[in-house]
Each structure stands twice: as structure tokens, then as C-alpha cells.
Amino acid sequence: MKKTVQKATKMVEEITQKRKMTQAVKDELDKKILWNMWLAIMIMLYFCIADGVYIAVPEAISSMVLKGFAIAFILVTICVFEMAYRRENGALGIVGIELLVFSIIMLYMPQIFKNLNKGVAQIFALTPFFCAMYYIIKSMIDYVRTEENYQNNLSDVKEIVREEE
């Protein structure tokens, strides 16, 4: 009886050990999360600079500079879409869509600041915060999905067959 319990305990420990994510999967997940955080930091920095330009520079000059920022952001978005298309990479295509949304926000930001009241404009000044929250949530979802996919793709059939022999 004691030997059976020890054998069952040993099997449970082996299965638990095999269910842990491998280092390769962890490294890939870390790389993906690091990429998301880097992208979030770059976009937040971009929007903070644009907000700073709007606040610190006279309106005539800031309007031109913000239009230049919008054009630059749209060009980066087009390049990302092109790379995603050439590589047939869906994840890069998603990044392109995200950048497109931020490009549209950047494109309309001068008009929002100029035409709407300060309360609404201040909400749009929080775009970097919303960007950070989006990428944090996206990284958490990526982690959960990777964990679930890894657990679902494990097969204990080989172990069961080996135990019956």
C-alpha cells in the first residue's frame, strides 16, 4: 500500500514538473512582453512630446509640428503594415492596426486641442496613460493565452501507455 502511494506521489510530481512551461516558451513569452512594453514606452513618449509641443510652443508653430508628427507616425504605420504583409505575420499586422489607431488619434489631436474645450482636450492628453493600460492588459492576455496553449498541447498519453506496460 505504501509503495502504491509513493508511486502515485512520484507520478503526480513528474506530471507537475512536465506541466511547467519550458525555458524556451518562457523566453519567447518574455520577448513578446518586452516588445509590447517597448512599443508602449515609445508611443507614450511620442504622445508626451506632442502634448509638450502643444503646451510649450505657440499655436501657429505647434500646429505645423503636430502635423509633421502625424505624418511621421502614419509613415511608420504604413511601414509596419508593409512588413507584416511581406512576412505574412499576423502579430505584426495587429501591431500595425494598433499603430493605425494611434496615428488617427495623433492626426486629429491638433483639431481636438484647438476646437474643443479644455476638459475634453485634457482627456486626450491622457492618451499615453490609456496606451500604457492597453499594453499592460495585452501583455497579461498574451501570458494567459500562452499558458493555456502550452497546457492544452501537453499530452499525457505516452505516460499512460508507459505505465500500463
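Is S62 buried or exposed? At 3% relative accessibility, S62 counts as buried, where buried means under 20% relative accessible area, exposed means over 50%, and partly exposed lies in between (1.4 Å probe, protein chains only). Keep in mind that this is a predicted model, in which local features need pLDDT of at least 70, side-chain atom pairs count only at pLDDT 80 or more, and totals for chains, interfaces and linings use all residues. Residues are numbered from 1 along each chain as its sequence is written, and side-chain values use heavy atoms, with hydrogens and water left out.

**Overall build**

- The protein chain has seven helices and zero strands; helices (H or I, at least four residues) and strands (E, at least two) are DSSP runs, numbered from the N terminus.
- Of the 165 residues in the protein chain, 25% are buried.
- Among contacts in the protein chain with a separation of 6 or more, 72% join residues 24 or more positions apart; a contact means heavy atoms within 4.5 Å.

**How confident is the prediction?**

- The mean pLDDT of the protein chain is 81, and 86% of its residues reach 70 or more; pLDDT is the predictor's confidence in each residue, from 0 to 100.
- Confidence is highest in α3, at a mean of 89, and lowest in helix α7 (residues 157-164), at 54.
- Where pLDDT is low, the predicted coordinates should not be read in detail.

**The nonpolar core**

- The largest nonpolar core has 20 residues, and I43, L99, F102 and Y135 have the most contacts inside it. Such a core is a set of buried Ala, Val, Leu, Ile, Met, Phe, Trp, Tyr and Cys residues joined through side-chain atoms within 4.5 Å.
- Two or more residues of this core come from each of α2 (23-56), α3 (59-87), α4 (90-115) and α6 (127-153).
- Helix α4 gives the most to this core, with seven residues.
- Setting aside neighbours within four places in sequence, Y135 is in contact with N36, M37, L39, A40, I43, E98 and F102.

**Helices α2 and α6 side by side**

- The axes of α2 and α6 come within 9 Å and cross at roughly 170 degrees. Axes are lines fitted to C-alpha atoms, for helices over the stretch in contact, and angles run from 0 to 180 degrees between N-to-C directions.
- The two helices, α2 and α6, are therefore roughly antiparallel to each other, a label for angles over 145 degrees.
- By class, the contact of α2 with α6 has 17 nonpolar, four polar and four charged residues. Here Ala, Val, Leu, Ile, Met, Phe, Trp, Tyr, Cys and Pro count as nonpolar, Asp, Glu, Lys and Arg as charged, and the others, Gly among them, as polar.

**Residues to find in the structure**

- S62 lies in helix α3, and S62 touches V53, Y54 and V57, not counting residues up to four places away in sequence.
- K32 is found in helix α2 and is partly exposed, with a relative accessible area of 41%.
- K32 and D142 are 110 residues apart in sequence, yet 8.2 Å apart in space, C-alpha to C-alpha.
- E88 lies in the loop between α3 and α4 and, at 74% relative accessibility, counts as exposed.
- Phi of E88 is near 50 degrees, a positive value in a residue other than glycine. Most residues other than glycine have a negative phi.

Notes. Parallel < 35°, antiparallel > 145°, perpendicular 65-115°, else oblique.
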